[in-house]
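The structure is shown below.

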Amino acid sequence: MSEVMVDSANGRAKPEARLEEPICRDLRSTDGTADASTQIETVTSESSTNTVPAEDISSMDLANVPKDEESAQNRLYIKRGHVVNHDGMQQADVYIEDGTVRYVGSGADFVVPGGCRTIDATGKLVMPGGIDPHTHFQLEFGGTVSVDDFYKGTKAAVAGGTTTILDFVLPKKGESLLEAYDAWRARADPKVVCDYGLHVGITWWSKSVRDEMRILCQERGVNSFKCFMAYKGLYQLNDSELYEVFETCKELGAVAMVHAENGDIIAKNVTKLLTEGVTGPEGHELSRSEEVEAEATNRACVIAHQTKAPLYVTRVTSKLAAEQLSQAKRRGLVVYGETLASSLGCTLTSVKPNQLVYYTTSPPIRKDPETPRHLVKFLALDDLQTTGSDNCTFNRNQKELGLKDFSKIPNGVNGVEDRMSVVWEKGVQTGLIDPQRFVAITSTNAAKIFNLYPRKGRIAPGSDADLLIWDPKAVRTISASTHHQACDFNIFEGMKCHGVPEFVIVRGRVCVEYDLIRVAEGQGSFLETPVYPSFVYDALNGVARPEEGLEEKHARNGIQGLELNAKSGHEVDIPDTYALPEKYIPGPALSVISGDSQLSTPHSARGHRPDGQKNMQESTFSISEELDKSEARSCIRVRAPPGGKSSGFW
């Protein structure tokens, strides 16, 4: 019999091995009860539908699930939700079996197998799970180690709606890339609770590094390499070395990545400031101004263009740097930009001087209160494509190691748990982006760039069952007292966010359910990222994509005329908070009909579609048996020949 603990917050018993502490307590309605529109149904071949209120779930002993109910853990039916992909939206049901999406469409056209758990998602959005392309778990930096290891970090990610993370292998100078890669795998594999992939940092350069890059691409499932233009004496490469790394990436079909700041200027500024007596944490931002970031961003674009390599610029924190990427893209360069939850959700304007140490990261969170809004607009206009967290957490005492010398502050902040809600709050809630663009910048674009799409980043038959049931009307307040990260403070403390994941499903397993999280160490898997991602290399080779025009229209959200220099406030018309559309095109296209569209169908006026019929007799029915095995598998990896193009999926 499993040991039972009592949740002190609500007095309910919970099995120690399966249930974790509550999250997001304010997801409940004002009377403290669960939303009656979202209940959990368990269907077995021996009984009729049983509805179990969410608040009773914690009393179940999940370690002793009856054998006749085990199949429900492998089969999940989500009904009456609004399925949102990056290229469209549709009212549809979703059927999941054995960790894979098997059906997306009308409930009237689907027979629900017996032994299948059903979740009613009426009024909610069903979206692909988030992909965080930038984390640093268990990282040695600045004489200490980040406190979120791969268990605590991925658990926090899942709690916030992120179901895949991409972490960075950072070898020490002179260290073998392969040995560093093996060390990261040894740390991560036993602990991750969601799927993960790895980028590899190029922190020094030699022929042996070039040879190991080839091995990582061909044998270890890595397709991206990060160079540093900052951290002089630690990670920084010079321009000649950058050229050779980018050139090698192009030869291997990989994606070149950069941390773009001028490390030489920063080193001079740091010395000058310390000499002048500026030793406190305010010196960090003073040493690396926006133009220092922008100059390096432009230089990286020029070097990438000279080598004909695709470029991904990590952690863009300023308007000036984003403008450099915008200009490069309009010159025809294949460049991608990532901004961070910290830069969208924070500015240093109102941070007290004695608190600046806790916000120290590189490039810095900026002071200009308009920066978050500018960055969201660059995301809306597709000049920036992804949002990461750069999650690298340190406790207060670790941060305070640099109180008297800002150059010794361990760089990094939290964000992996709060990224999805912060992006929704600053983007969708303000009317600057729509839910489809939200899916693109939090999930799909990262999946495409790093060759995980459509296995990840999409809800479609054959995709991994990583998805969210998102309540756009729910509100939560971010706090260190309720977050799941190991750090003892939160840079978003007190921020109120509209938009909360009620359910988070990882490879078909319900891991977050209202205020409960159920995860196990090691339940996630390593993801190989194949070389020659078609999304990147088709663009590089000038291959037109049929859906490009449609995606561009969606990417701009109907706000092509945004004036980036306009001030916030009464001068700008902010649309009403997003409301669910009333008309949909039924079927697999997952396309929304705009309000001014002339299209309509009788189906669109019917309200909810009929629910799928329940197959009560054949509880062992498996939809996968009806599919050819080669089609039922998600994302078959195909290696490209040397010099070839996309490996892709399917």
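How many helices and strands make up the secondary structure of the protein chain? The protein chain has 16 helices and 25 strands, where helices (H or I, at least four residues) and strands (E, at least two) are DSSP runs numbered from the N terminus.

This is a predicted model, in which local features need pLDDT of at least 70, side-chain atom pairs count only at pLDDT 80 or more, and totals for chains, interfaces and linings use all residues. Residues are numbered from 1 along each chain as its sequence is written, and side-chain values use heavy atoms, without hydrogens and water.

The mean pLDDT (the predictor's confidence in each residue, from 0 to 100) of the protein chain is 81, and 73% of its residues reach 70 or more.

| Stretch | pLDDT | Contacts in the model |
|---|---|---|
| residues 551-556 | under 50 | 14 contacts beyond four places in sequence |
| residues 616-650 | below 50 | 76 contacts beyond near neighbours in sequence |

Where pLDDT is low, the predicted coordinates should not be read in detail.

Buried residues (under 20% relative accessible area; exposed is over 50%, partly exposed in between, with a 1.4 Å probe and protein chains only) account for 61% of the 650 residues. In helix α2 (residues 177-188), the buried residues are L177, L178, A180, Y181, W184 and A188. Seen down the axis of α2, they fall within an arc of 160° (taken from the directions from the helix axis to the C-beta atoms), so they line one face of the helix. These residues pack against α1, β14, β15 and α3, whereas E179 and A186 are exposed on the other side.

Terms used. Contact means heavy atoms within 4.5 Å.
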